[in-house]
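Morning, everyone. I have one structure to walk through, and I'll keep it brief.

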Amino acid sequence: DSAGYLSGAVGTLAPALQAWLIKEEFAASIAFRELHLDSFTSYRGENEGLKLLAFVSISYHQTEIGFPATVLEPKEFKLGQKKFCAYEMDVDKERKRIVVFSLDGKYYECEAAALKGALRPNDVADLFRAQQTVLASIR
């Protein structure tokens, strides 16, 4: 339990929707998904880094919602020895943070988002801290 979040899965990540955490009052979630990339994009990701994969993720999410969203520039970072790249997106005044990373030769994204309505700024900060805590536990 991290900052009031309930875990939906424990252990290593598996294909499709792997794991999720939901805030106790069902206001926010943290979800993991495998990024299914073609061989060319995977090759480019290996050579050009996670920032390229963040831009692929941004494109996917903007296509999914059907209109351009406000997106903050992706930023690469490390937790321990593990590399990540994160960006934030505002969709209808609701903020979400998506982090891309690789694990055992596969690529994943971790999305922290409100489930119902916009969160207060302190709740958004708590959600993003909980996401960082979960990401730090990935080996």
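Predicted model: local features only at pLDDT ≥ 70, side-chain atom pairs only at ≥ 80, totals over all residues.

Start with the fold. The protein has eight strands and three helices. What order do the elements run in from the N terminus? It goes β-β-β-α-α-β-β-β-β-β-α. So much for the layout.

Now burial and surface. The chain has 139 residues, and 44% of them count as buried. Contacts next. Take those with a separation of 6 or more: 46% of them join residues 24 or more positions apart.

On to the aromatics. How many aromatic pairs does the structure hold? Four. One of them is F32 with F101. The geometry is edge-to-face, with 6.2 Å centre to centre and 85° between the planes. F32 sits in strand β3, residues 28-35, and F101 in strand β7, residues 94-103. The pair therefore ties together parts that are 69 residues apart in sequence.

Are these two residues buried or exposed? Both F32 and F101 are buried. For F101 the relative accessible area is 0%.

F101 has another partner, F84. Their ring centres are 5.6 Å apart and the planes meet at 55°, so this pair is tilted. Why tilted and not edge-to-face? Because edge-to-face needs planes over 60 degrees apart, and stacked needs under 30. The F84–F101 pair also links distant parts of the chain. F84 lies in strand β6, residues 82-91, and F101 in β7, 17 residues apart. F84 is buried too, at 1% relative accessible area.

Now put the rings together. Ring pairs link F32, F77, F84, F101 and Y108 into a cluster.

There is also a charge over a ring. The charged end of R97 sits over the ring of F128, 6.0 Å from its centre.

Last stop, K78. This lysine lies in strand β5, residues 75-79. Why does K78 count as partly exposed? Because its relative accessibility is 48%, and the exposed class starts over 50%. K78 and A136 are 58 residues apart along the chain, yet their C-alpha atoms are separated by 9.1 Å.

To recap the rings: F101 pairs edge-to-face with F32 and tilted with F84. That's my tour. Over to you.

Key. Residues numbered from 1 in each chain as written. Heavy atoms only, no water. Helix = DSSP H or I, 4+ residues; strand = E, 2+ residues; numbered from the N terminus. Buried < 20%, exposed > 50% of the residue type's maximum accessible area, 1.4 Å probe, protein only. Contact = heavy atoms within 4.5 Å. Phe/Tyr/Trp six-rings, centres within 6.5 Å; stacked < 30°, edge-to-face > 60°. Lys NZ or Arg CZ within 6 Å of the ring centre and 35° of its normal.
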